[in-house]
Amino acid sequence: MTMIQDQIEAVHTRMLQACMTVGRPASAVSLLAVSKTFGPDAVRAAHQAGQLAFGENYIQEAVEKITALRDLPLQWHCIGPIQSNKTRLVAEHFDWVQTVDRLKVAQRLSAQRPAHLPPLLVCIQVNVDGGPSKSGVPPEDALALARAVAALPHLQLRGLMCIPEPTPDFVAACTVFERARGLFDALNQQGFKLDTLSMGMSADLEAAIASGSTLVRVGSAIFGHRTYPDGH
Ligand SMILES: *Cc1c(COP(=O)(O)O)cnc(C)c1O
C-alpha cells in the first residue's frame, strides 16, 4: 500500500465515523479526491485504491492531467473559479463543474459542450457565509440562477456547493453548512431534483457530513501538503 492509498482509507474511515455519529448511511456521502498541484502518478495511485472522482482548480493544469490519464475511467470535477475565456476548455474536458455562480458562464458552458458528450453536470456555488472575496452566488439569488441553469440544454443541474471560511469550531462550522443544506432542501421543495450537496474538506468534513453533505472534497488529507508553483 502506498501512502496515498493508506490516506484514502483513513479518509473513508473518518467519513464512515461521521455518518455513524449522525445516523446517516455510509453510502450517503461520496469522496472527491482533490488532486490540484499533484501529478498524474498521484492520481494513478489514488485510482489504484478505487478512487474514481477527482477535483481540479486550475484549468490548464487539469487539462494536461486529464489528457495524460485518458486510459483510466475517471470522473473530473472543476472546483476552481472559471473565467469566461476558459469555459471552452472546461466544457470539453470535465464531467462536472461545481463552481457555477454566474449565468453568463453557465450559458457559455452549455453552448460549448461538445455534442458527442453527455450533459455537463453542474452545481451552483453559493456564498453561504458572506465572505467578501469569495466566489459564489448570494443565497437569495440561488433560486433564480438555478431556474436559469436548469433551462440550459447541455447542462444538468445536480446540486449546490460551498466553500465557507474555515473555522476550528465544530458548531460554528455546522451553522454555516446548515445554511447550504437549508437552501438545498428549499430548492428541492421548489421541484428541483438535486442530489449533490458538495461541502466539507480535509479539516471540516465531519461538520459538513453532520450538516447533510453528500460529497466531501478532500485534498491534503489524501495527497499531503500542497506547494503551489507561485509559492503560496
Ligand atoms: C483545494 C480545495 C479543496 C481541498 O482542500 P483540502 O483542505 O486540501 O482538503 C476542496 N475544495 C476546493 C474548492 C478546493 O479549492
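**View 1. The chain holds nine helices and eight strands.** Helices (H or I, at least four residues) and strands (E, at least two) are DSSP runs, numbered from the N terminus. This is a predicted model, in which local features need pLDDT of at least 70, side-chain atom pairs count only at pLDDT 80 or more, and totals for chains, interfaces and linings use all residues. Residues are numbered from 1 along each chain as its sequence is written, and side-chain values use heavy atoms, with hydrogens and water left out. The C-alpha trace spans about 45 × 40 × 35 Å along its principal axes. The radius of gyration of the chain is 17 Å, which agrees with the value near 17 Å for a compact globule of 232 residues; the radius is taken over C-alpha atoms, and the globule rule is 2.2 Å times the number of residues to the power 0.38.

**View 2. Phe38 and Phe223 form a stacked pair.** This is one of two aromatic pairs in the structure. Rings of Phe, Tyr and Trp (its six-membered ring) pair if their centres lie within 6.5 Å; planes under 30 degrees apart count as stacked, over 60 as edge-to-face and the rest as tilted. The ring centres of Phe38 and Phe223 are 5.3 Å apart and the planes meet at 25°, so the pair is stacked. Phe38 sits in the loop between β1 (30–34) and α2 (40–48) and Phe223 in helix α9 (residues 220–223), so the pair ties together parts 185 residues apart in sequence. Phe38 is buried at a relative accessible area of 16%, and Phe223 is buried at 5%. Buried means under 20% relative accessible area, exposed over 50%, and partly exposed in between (1.4 Å probe, protein chains only).

**View 3. Phe54 and Trp76 form a tilted pair.** Their ring centres lie 5.6 Å apart with the planes at 35°, so the pair counts as tilted. Phe54 belongs to strand β2 (residues 53–56) and Trp76 to strand β3 (residues 75–78), so the pair links parts that are 22 residues apart in sequence. Phe54 is buried, with 0% relative accessibility. Trp76 is also buried, at 4%.

View 4. Of the 232 residues, 50% count as buried. Among contacts (heavy atoms within 4.5 Å) with a separation of 6 or more, 59% are between residues 24 or more positions apart. The chain exposes about 10,900 Å², of which carbon and sulfur atoms supply 55%; accessible areas come from the Shrake-Rupley method with a 1.4 Å probe, and for residues only the protein chains shown count as cover.
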